[in-house]
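Student: I have a structure to read and some questions about it. Can we go through them one by one?

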Amino acid sequence: MFSELFSSLESILIIALIITPITSGVLVTFLKRKRLVEVVTVFSSFLILIEGLILVNSILKYKTISVFNGIFYVDSLSGIIIITVSLVGFLSSIYSVSYMGKQYEKLIIDEKKLVRYYQGFNMFLFTMLLVPISNNMGMMWIAIEATTLVSVLLIMLYVKQSSIEASWKYLLIATVGLSLALFGTIFFYYVNTIDAPIGGDASGMNWTNLVENASGFDPNLVKLAFIFIIVGFGTKAGLAPMHTWLPDAHSEAPSPISALLSGVLLNCAFYGILRFHIITSNSVGSHFSNTLLMILGVISIGIAAASIYFQKDLKRMLAFSSVEHMGIISVAIGFGSVIGIFGALLHIINHAVVKSLLFFASGSISQKYETKLISDTSGIIRIMPITGFAFLIGGLAVIGMPPFNIFMSEFLVLSSGFESENFLPSMLVILFLVIIFAGFGKHLLKMIFGNPKQTMKKGDLGILSIIPMLVLVSIIFVMGVYVPEPLQRLIENASQILLVGDAHN
Amino acid sequence: MIFPTEINLLDISSVILLVATFGLIVSRGFSNWVHAYRYQTMVLAGIVALIALITDIWELYIVSALTFGIKAIVIPKILFYVTNKLDSPIKLEVNPYVGMKLSVIISALLVAMSYFIFLYLDIKSNEIIQVFLPVSFALFFIGLFLIVSRRKALNQMVGLLTIENGLFLFAVSLTHGFSLIIEIGLMADILLGVIISSILLFRMSRTFDSIDIENLESLRDD
């Protein structure tokens, strides 16, 4: 095993990808000084981004990479998740320096808490990176459950009544939900090894093995198992009606963590659904899981629409918007056509970029205005010009205005809905999107162009909070016009993986 | 090869497990829950050892020992520490959302439901699956019921652990142990979860002066 460690670039990369955040977490524990832990975390997140990009480059070259006897397995679908985790992770680490530094100056947290924050941040990245590289579905489940535990620690960083409430609900609901997903995972393992001698080896839980044998599975058990999976991982991915923990947890977390929770963690959980969706499609045809994904997706968008329209709290509004976008991704996968799946995967990246921008901006805004209430926040563009600009771009993008990136993926999704003749869900999605457009747009314009309070001091919050936002704004602009060629190839390959199930039946 | 006496042992152990679970439902005091949970987990560890004996899979002995060590010794220790350190003066489930007598009846119905679900599932089975799968469903449902019907956060936590025990029994009886590494990972997750929720419980009792989940209703959209 250790000889293989240095045998190929890919195995080194995959090991580095998980060793880097662990090392950084350990270093943070020992250094204990504000400046040092910040530098270590930003540097390690930068390393992760570089490693992730090189790994994705290898994925583009080889399509699938399997190392250490198939313990780790990555393909283009994992590549999409790796890119979003490492990119948002890096930008969030920079933003953390500004945001948490400000909280430290305001004496909301002390140095001990700050160290704990960066420990949690690194461990959070580690657990999220473990999800897309696991081949063993049990290991993937353990990683997703570990993301819950680590993020609960981060949410309860502030000892406030509301954050305790949010973390308790999150811990309870997400754990119960994920236990259902484990039921489903074990069921899949069982149908895979039903004829094997008892006490079969762990490879029966490997995704590659499951997909290979899928066509021989007992269809009834597969359907049952997938229902467990979609309810379980769907809870973690914020699909309605299992989303009730999400607005609490995402709005009570420190803003850089909210960005990771909304932008990346939801995708990791959804990635779990996608993996089992492929197995299920290979086994019983894609119609069954597609229908389930479509129903849950439409419900999610609908509930989000109602909640956004009457929302009073800025960060809760953004959290509900995440429910909406996970719904869109789910519906798009459910449509099942090539364009729809391409759009869904593109939407995963677009949503991660836009939502983290909005959470960064909202963090700066709530620090400046010292409130999260929408009604008390107005005239952002005059008080904090650059943050206001970034918030405006993010807000316009998130409600699907052209020429920004989300418009492009939503357009692909909806056209695939009509193309695949799913008229009712497509019409409902359009209706809900219009409501969200009106509701979110109303709040957005008021917050940005309203009359600011005269007493407020003008100025943005510092260069380190602005740089990540401007990077994200430029990505939004670029991705609104065209998708860079390597990324497009990555997404196309990933759509092929998701479409294999249909070719089978 | 399974002998009649072993089938009897299986039946008897599953009954003992259910009885231990009902002990969880009827107890009121904080420390009684932990005791009940510990008995339940000890029985579970015994059942895993029994399955190991019947199927002759040596990994299951290790799993059984781990279950006993982590879930019947370490986790109850943590929970006892939590109950002793909590500031709240009355360490009782005073006024649960569903009364004790009704809880017992509902739990009995849940057990019956679990057996019906198992019959409906139509799984190609051996004796181990037949005996323990319905019991594992029952543990899951009763755990869920404890979470929604009790007021004290500590009791909800024990409910969560009961769900987890059900899941564990489900995994072991259905697949006879999948992989030692994965099972160790699961245990680590549970242990970490218990530690984190204990910290949360302390904070809750310090901030709200109680661990009543009635206090946790301020975050909502209206």
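Student: In which loop of chain A is A:Pro241 found?

Tutor: This is a predicted model, where local features need pLDDT of at least 70, side-chain atom pairs count only at pLDDT 80 or more, and totals for chains, interfaces and linings use all residues. Residues are numbered from 1 along each chain as its sequence is written, chains are lettered from A and ligands numbered from 1 in the order in which they are written, and side-chain values use heavy atoms, leaving out hydrogens and water. Helices (H or I, at least four residues) and strands (E, at least two) are DSSP runs, numbered from the N terminus. A:Pro241 is in the loop between helix 9 (219-237) and helix 10 (246-252).

Student: Is the peptide bond from A:Ala240 to A:Pro241 cis or trans?

Tutor: Look at omega. For this bond omega is near 0 degrees. The bond from A:Ala240 to A:Pro241 is cis.

Student: What is omega for the bond that joins A:Pro402 and A:Pro403?

Tutor: A:Pro403 sits in the loop between helix 16 (385-398) and helix 17 (405-419) of chain A. The bond joining A:Pro402 and A:Pro403 is cis, with omega about 5 degrees.

Student: Which side chain of opposite charge is nearest to A:Lys113?

Tutor: A:Lys113 lies in helix 5 (residues 111-133) of chain A. Lys and Arg count as positive, Asp and Glu as negative; His and the chain ends are not counted. A:Lys113 is buried (under 20% relative accessible area, with exposed over 50% and partly exposed in between; 1.4 Å probe, protein chains only).

Key
A salt bridge is a side-chain nitrogen of Lys or Arg within 4 Å of a carboxyl oxygen of Asp or Glu.
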